[in-house]
Every structure is written in C-alpha cells, then in structure tokens.
Amino acid sequence: MAVIKLPESKVQQLKNICKSFNNDKGELINVLHKAQEIFGYLPAEVQEVVAKELNVSVAHVYGIVSFYSFFSMVPKGKFSISICLGTACYVRGAEKVLDEFRKQLNIQVGESTPDGRFSLSCLRCVGACGLAPVVMIGEKVYGRVAPEDVKGIINEYANL
Amino acid sequence: MELVKLTIDKKSVEVEKGTSILNAARKVGIEIPTLCYFNLEGMNIENKPGGCRICVVEVQGRRNLAPACATEVTEGMVVKTNSTRVLNARRTVMELILSDHPFDCLVCPKSGNCELQSLAHRLGIRDIPYQGEQSTYRKDTSPSIIRDVDKCILCRRCEMMCNDIQTVGALSAINRGFMAVVAPAFEMNLEKSPCTYCGQCVAVCPTGALTEVDNTRQVISALADPTKTVIVQTAPAVRAALGEEFGLEPGSLVTGKMVSALRELGFDYVFDTDFAADLTIMEEGSELLDRLTRYLSGDRNVRLPILTSCCPAWVNFFEHNFPELKDVPSTARSPQQMFGSIAKTYFAKKLGIDRNNLVVVSIMPCLAKKYECQRSEFLTDGNPDVDFSLSTRELANFIKLANIDFNSLPESDFDRPLGESTGAAVIFGTTGGVIEAAVRTAYELYTKKPLPRVDFEELRGLEGVRAATVNFDGLELRIGIAHGLGNARQLLEEVRDGKSQYHAIEIMACPGGCIGGGGQPLHHGDASILKARQKALYEEDRNKALRKSHENPYIIQLYEEFLGQPLSEMSHHLLHTQYFDKSTQIVIE
C-alpha cells in the first residue's frame, strides 16, 4: 500500500478541474495542462490523482506526460529559462546557446539547479523569429542571443 | 451485409464491407506478412496499430503504400502484395527494425519461437545495412515475468492486452522517439506496478522482450540432490496443451505421456493438481453452501455472491483494484497451494520426512503461479508449500533437454494418494469449469440427492461474460462467469455497487481460462487452439469414472485421516487464506 501526500486544497482544486471536464478520459491532456498550472509540475502523486479521477491507468497518464516535452515531472526553478529550438532559431545557432546554458548551469534540459533557482527547457517558436535565436526567462524575451551572452544573462538574476 | 469486390494479386475476391486488405487476401490464400498485428479471432482481441509497416501493399491509384492490416477494402480496389516496390519497402522496414534489435538470437529464450526471427527468415534478410546506436534499457525481473526491453519492437500487443483486455494498466508506451519504451508508470519495475502476473503480455509478445522467469535449473538441482524427495503436481490445463510442443495436434490429451516423462525426469512421485482441485471444491463448495444457507435463513451480513479464488492473477487484480471487496471471494486457497500445503504436512508425515527435505514442484499453464508460491502466507518458517512452479513451456523444454522422446513414451498413471482425481477437477482448466465442478458437488451436498445430469452445458462456452441459472431442487442458483480481467472488472463493479444478481461467480484471469494461460505453448493468435484445448478437457472429464469431487476416495480418506471435515479448524489452517489491500492510497494532508 503506497502512501501519497499532497496538500488538500490543491488536490481539491485538481479534482474540481477534472470534474469541470466531466472526468472524461478524452480530456486527459487538458486536465494535465491545468494540473501543471496548479502544482507547477506534475509529480507522480498528481498523476495518480488524475488517473483515479479520470479512471485511466497511471501508466497511461505517465505515457502522456513523458511523451510531451511541455509536461514536466521536476519542479521549475524560480527562473525558468526556455530556449527556442524552432526552425529559425535553430538555423541561427540556438543549439550552441543551449549548450552554453547547460554548461554554465551544469544541468540538462528538463532539470533544475540544485538551489532551485534556474530550470532549463526547450520550446518550439515563440513567434519572434525576427529576433532569432530567442531565449525566454520567465516572461522576459532575449533576442539575437549568442553563446558569449549567456553568462551575462544568468548574472542578471544573481541578486534577484 | 454489403459486399465489396476487389482484386488482389490478380485474384478476384468478394468480401464484406469493412474487411481489411489483410483479411481479404487471406480469403484467397494470400498470407501477407505481419508483425505488430495480432488477432485472437472470435474473442474480441485485436491489435492493429498499423505501426510496424511490414504488411504494406500497393494499392492502384494510391501514392503511398498502404498497411494491409489497417486499410479497409473499397469497391474495385486493385492490390498488389508482392510487387518489387512492396518487396523492397518491406525489406527496408525489416532491416530498420532489426537495426535496433540485439543480435543475440543464439541465447535468447524466444529463439525458435520468435515471430521476428521467423519473419526475418521468411523475408530472406541476410545482413543489416543500417548501423548505428541501439536503444538500451535495464532488464526488469519480477517473480514471474522478465522484461528485456532491448528486444521490444514496440508492436504494442502487450499494451493492448494489459489495458484493453485485462484493464490492469501496468504497461504503457512511454517517452518518445528513440527513447520510447513500453513500461510501467514512472518506469518503475513490474514488481512495484499493479501487474497481476497474468502473463498475457508474454503470451502475445512476438519477440523475447517479455518472457517468463525460468526455474528449470533450480528444479534440476533439487532432483540431483540425494537428500531431497522431489514431488511434482500438474495442473489440468497442461495435459491439453503440452503435446503441441512436440508437434501433436492442438487438443491432443497427453496425460499418460506427461506422467511418464515426469517419472523419467526423476521426480520421486508424480501427483496431480487435480487432486487438490477436488479438495478445493470440497472447501469452496462447502463455503458457498454455508454462505447460502445463512443467507436463506435471513442473515443479511453474508457476503454474496461468493467469488472463486483459484486464480492467482485474479487475486492480485482484486487486491490492487477492489480492496474494499477483499472479504467477498472464497477464502479457499488455489489448488496449487492446497496441494503444497497437504504435501508438506499430510504427505511428508506419511513418508516420515521433514518438510524441508520435501521439494514440491508444480507444472502450471500460468506465470502468476510463480509469484503465488512465493507469497509469504504460503511459507512455513521460510519454507514454501510449493518450492518451484514451471510453466507448460518450461516443462516441454526440460523434457527436450533430457533427451526424452515424448511421443514414443508409454502412458502411465499418477501416483497415489495425491494423484487421484475426478472429472470435476479436470475441467478446472477452462473457463466455466471451476463453477461447474462446484455445482456438481454443492448440488448433491445441498439436496442430498444424486445429480440428474452431470454435464452443465449452460455453464460452458467462450463468451467473455456468461450467466446461467441452476435449479437446486427448487432453489434457483444464479451463476456468473467471467474470463479475462476486463470482463471480471464488469462483474466486480456490479458487486461493488450492490447490483450483482449472482449467488456465485467464477473468474479466471486469462481469456479462455487456464487453457489460454500465460505459461502455455504460444498460440500466436490462433483461437482454434484454445477451443481444441477446451474440448480436450471436457473429453477427459467425460472419460473419467468419477466426475464429482466429493466421490474422490482419496479426498474422503484425507478428510477421515487428517482434516476432519470441510471448513474444519485444520482445513482453515491449511487450505484457506486471507487477502490484502494492495491499492495505492492517496492520503491528503
């Protein structure tokens, strides 16, 4: 018998969301979107609750969560760094920028720094291709980023 | 019924609308090769994700090649299944699949019975031109099943079985692209998942990705140990399937040859699980009557319907999914465990040996039995009632290993006392059989009259859920039967919601019952094999002198000498068990 612990208010919120989708299995992805909004990420426990509410297996929920890169099972850092790997950004060197972030922060895509300050993710096109390659930190957009700029960008957040 | 006319390889064929190209081609004798596709015809078990692309064919007027399994025929369609374009595409697809598959066929447990291997042979693949990184994953070993995901070709048959048919939900495709694997949630090991060890994933896996834990070596060591007395019990469904491994027609009964083979292998006593099946009926049938009489006398606290408890995968299923109903099933242990328990007490005492020097081996059509004999309730001071459980397939390999020419063996009889059984016990191996056996005994115990007829045709068949009413001299006993855990779930939900109309329900986890067990010779989707095995069991039942469990003289003797009577204190101690809540609890803080 595995025991799972989650804060009651948030679980209630999640259950209400499932209910608002009529606990329909077909709405699994929409429910997971909302769940990630509530919890910031999708830990195993949240997936268990969703599975129970929508009457699907946890393995199936995990199958969806692990398939889509948008869903994350690790908490996002205080500052969430997203590097656009859309076509325009990619051809203008986004991968080198990403490599530099990985090196500077010493984490992989989908991970957070041990102090919980930064997390790293990739996305596909933010609609600012003219500024390629584009990096987003929280809501702030950085355009025409070169690998040399990375250290400076991270330092902007050092005292925040 | 609307008919559609089309041409396949210049042969004209007329089929029902909605038929796939694959099935239309079969109708005119054209066998298009398949890999991911799986169909157990007439049992609503089908897998056609159209994913592997091995079955591609050329359809005139269509730019791309079409997967034959997932493309419906249309009027006037012209199909080519063997054009150069098709053959080249099929070869390329196969080469690409093999480029991410280990080349350890020589030591793979599936070698010789592997659909991927047969297909590579059929397609004449002689080298793999595509070299590169291969996906790797850790091996996962559970008490019953081994997952070797490196050998997985992502056909999704296991996922279909585990989710759509069994509704267990242990396996799902996870991750994407090169990292994609079929695994339990959060990539935990099978042992931590809600897996019931029914083994249906193993039964349909086309490669060596899912196989059983092989215990043959441990049995060989025990047989070689002069300090051990090694006895064996064989489940009813084994005798109706073992012959297939030696080239005999499906449905060949090989009971006598199997007994001879086991003796040649060196077992000191060859006994029959059927003996314990008769014993199960004594206990379970008495429990049914006890609950029924109390209910009829007005006791509304009695839990009805009573559910059979012979199937360990089914026990796992309700422990995981319906823990609130754990006092509903019969407390009777499975025949395998009843046998072990009686062997290590009653029989060990008769032989005058310590239970630690008696090794009990079971031959089972089942993989969950491997797990069941390790359950802690079935150990006495760390010594298991049943030491090792081998599947039908393992026994066949063992016989071949020992250079025994199975087909020329003489027929011989089981040893006494634990080898005598009735026809009622034989049919335990098929869906409907346990409840029919229980009815035969319960009827006579309840009415104190002889059965007017022994055969209960109304309980037989292969439909997933069946219902029948049996007249107990004025009392209408309502019986439900389900095989396949998805079907069982339906009946269980009715029980949970208080809507069940039945007095007794029989459940077997595998489609067809034990004849279709996860440890049986692979049927490769041929449902006629299951039907033949079922027919064989009913035939053996018909040919038995005794056909009611309570008439088994050695069962009567066992109660007289040792147990007292059904449901006695001794019986409770040795033949009954309890169930546990294995569900995942979500605790809110």
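## Exercises on a two-chain predicted model

Asp9(B) lies in the loop between β1 (3–8) and β2 (11–16) of chain B, where helices (H or I, at least four residues) and strands (E, at least two) are DSSP runs numbered from the N terminus. This is a predicted model, in which local features need pLDDT of at least 70 and side-chain atom pairs count only at pLDDT 80 or more, while totals for chains, interfaces and linings use all residues. Residues are numbered from 1 along each chain as its sequence is written, chains are lettered from A in the order in which they are written, and side-chain values use heavy atoms, with hydrogens and water left out.

**Exercise 1. Examine the backbone at Asp9(B), Pro133(A) and Pro417(B).**

Step 1. Most residues other than glycine have a negative phi, and most peptide bonds are trans.

Step 2. Phi of Asp9(B) is positive, near 45 degrees, although the residue is not a glycine.

Step 3. Ala132(A) and Pro133(A) are joined by a cis peptide bond with omega of about -10 degrees, and Pro133(A) belongs to the loop between β3 and β4 of chain A.

Step 4. In chain B, the bond from Arg416(B) to Pro417(B) is also cis, with omega near 10 degrees, and Pro417(B) sits in the loop between α12 (392–401) and α13 (423–426).

**Exercise 2. Describe the interface of chain A and chain B.**

Step 1. Taking contact as heavy atoms within 4.5 Å, 25 residues of chain A touch 22 residues of chain B.

Step 2. The two chains bury about 1,900 Å² between them, 63% of it on carbon and sulfur atoms; buried area is the accessible area (1.4 Å probe) that two parts lose on being put together, summed over both.

Step 3. On the side of chain A that touches chain B, the elements giving two or more residues are β1 (3–6), α1 (8–20), α3 (44–54) and α4 (58–67) of chain A, and α4(A) supplies the largest share, 7 residues.

**Exercise 3. Trace the four-stranded sheet of chain A and the helix that packs on it.**

Step 1. The 4 strands form an open sheet with mixed pairing in the order β3-β2-β4-β5, two strands being paired if DSSP finds at least two bridges between them.

Step 2. At the edges stand β3 (118–123) and β5 (140–142) of chain A, each of which pairs on one side only.

Step 3. Strand β4 (residues 135–137) of chain A runs antiparallel to β5(A) and is joined to it by 3 bridges, with Ile137(A) opposite Lys140(A).

Step 4. Helix α6 (residues 94–105) of chain A packs on the sheet, touching β2 (79–84), β3 and β4, and its direction makes about 155 degrees with that of β2(A); axes are lines fitted to C-alpha atoms, for helices over the stretch in contact, and angles run from 0 to 180 degrees between N-to-C directions.

**Exercise 4. Locate the salt bridge between Asp385(B) and Arg355(B).**

Step 1. The side chains of these two residues meet at 2.8 Å, N to O.

Step 2. Asp385(B) lies in the loop between β18 (383–384) and β19 (388–391), and Arg355(B) in the loop between α10 (335–351) and β16 (358–364), so placed that the pair links distant parts of chain B, 30 residues apart.

How values were computed:
Salt bridge = Lys/Arg side-chain N within 4 Å of Asp/Glu carboxyl O.
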